[in-house]
Amino acid sequence: MSDLPFTLDQLRILKAIAQEGSFKRAADSLYVSQPAVSLQVQNLERQLDVPLFDRGGRRAQLTEAGHLLLNYGEKILSLCQETCRAIEDLQNLQGGTLIVGASQTTGTYLLPRMIGMFRQKYPDVAVQLHVHSTRRTAWSVANGQVDLAIIGGEIPGELSESLEVIPYAEDELALIIPVFHPFAKLEKIQKEDLYKLQFIALDSQSTIRKVIDQVLGRCEIDTRRFKVEMELNSIEAIKNAVQSGLGAAFVSTSAIAKELQMGVLHRTPIEGVVVKRTLWLICNPNRYRSKAAEAFSQEILPQFANPGWNQDVLKLSQKNIVLTTLEVATPASSGED
């Protein structure tokens, strides 16, 4: 079809305008002039014989036709990137790119260590780490924008048939208190003691907060009775608040290793209670798996996994692109985990 009414450059421009919200910022992000962007959009609209933007407002708003073209255009651009990466693989890890996704906690504390080990072995491979909510990360894997990801939240139900979801590791959530708190002198505390503490927590809609509530509920601890004095939106902020004596908190043990070693936080065991959640490895078996992703999966992932974890799915041979993956579209992201 030599008479396609659009080019890849025009699709890239359309995507940039939708992301940036204006023609000028889109032009800046693409390192071209604003008149060049405007001309390409005008040509595209003339070729398609339909308006793509509602020019009545201050922000560039897509019309219905614009949204439709953007939806398909993102899929086309994604496959183009996948094709380029497959060709790069012919160099046998002497180049290429590895794109890893993660939810908030794993992306902040676990993945940097893993990527550091991988870069030592393969310094010529460019590595990108995308840290977002579990939902957004899962859609990125489904759409082929991310090779694989480690997440701690629940996978969207509509992706259950598109992704391989593998139990990867157990993440223990520890109770931390200020080092000068009276409970810091105790070897363990009792369940009832939790109701005497002032808590600092993530937002009530965050995945980790929900996991903590569920696990403690199974241990006959009513988190509704907790005195939540403050809600913060990051683990680092919560650790700093606890260190300053503002309250207690449940955080991943991977997030407090340095603070425990330095003696600025105290981890307090609870009699008969262990709070754990499962970390999941997700990948898309219908997408091309690069040699960099294969090497990361087989050489790095096992070093941090639970003993006996199921990595059979990661031994799949490299596959050609399956056209049915074009049916996956990206929704809006939500919540932190």
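Colleague: Is Ser297 buried or exposed, and what is its relative accessible area?

Modeller: In this predicted model, Ser297 is found in helix α10. The cut-off for a buried residue is under 20% relative accessible area, and Ser297 therefore counts as buried, with a relative accessible area of 0%.

Colleague: Which residue has its backbone oxygen 2.7 Å from a polar atom of the side chain of Ser297?

Modeller: The side chain of Ser297, a residue of helix α10, has a polar atom that takes part in this pair. At 2.7 Å from that atom lies the backbone oxygen of Ala293.

Colleague: How many aromatic pairs does a search of the whole structure find?

Modeller: A pair of aromatic rings is described by the distance of the centres and the angle of the planes. When the whole structure is searched, the number of aromatic pairs found is 6.

Colleague: Is the pair of Phe118 and Tyr122 stacked, edge-to-face or tilted?

Modeller: Phe118 counts as buried at 1% relative accessibility, and Tyr122 is buried too, with a relative accessible area of 17%. The centres of their rings are 5.1 Å apart, and the planes stand at 45°. Since planes under 30 degrees apart count as stacked and those over 60 as edge-to-face, the angle of 45° makes this pair tilted.

Colleague: How many residues apart in sequence are the parts that the pair of Phe118 and Phe296 ties together?

Modeller: Phe118 also forms an aromatic pair with Phe296, which is edge-to-face, with 5.6 Å from centre to centre and 70° between the planes. Phe118 lies in helix α5 (residues 104-121), whereas Phe296 belongs to helix α10 (residues 291-299), so the parts tied together by this pair are apart in sequence by 178 residues.

Colleague: Which residue has its charged end over the ring of Tyr195?

Modeller: Tyr195 belongs to a cluster in which ring pairs link this residue with Phe199, Phe226 and Phe250. Over the ring of Tyr195, 3.7 Å from its centre, sits the charged end of Arg225.

Technical notes. Residues are numbered from 1 along each chain as its sequence is written. This is a predicted model: local features need pLDDT of at least 70, side-chain atom pairs count only at pLDDT 80 or more; totals for chains, interfaces and linings use all residues. Side-chain values use heavy atoms; hydrogens and water are left out. Rings of Phe, Tyr and Trp (its six-membered ring) pair if their centres lie within 6.5 Å; planes under 30 degrees apart count as stacked, over 60 as edge-to-face and the rest as tilted. Buried means under 20% relative accessible area, exposed over 50%, partly exposed in between (1.4 Å probe, protein chains only). Helices (H or I, at least four residues) and strands (E, at least two) are DSSP runs, numbered from the N terminus. A charge sits over a ring if NZ of Lys or CZ of Arg is within 6 Å of the ring centre and within 35 degrees of the ring normal. A polar contact is a pair of N or O atoms within 3.5 Å; within protein, one must be able to donate a hydrogen and the other to accept it, and residues adjacent in sequence count only if both atoms are side-chain atoms.
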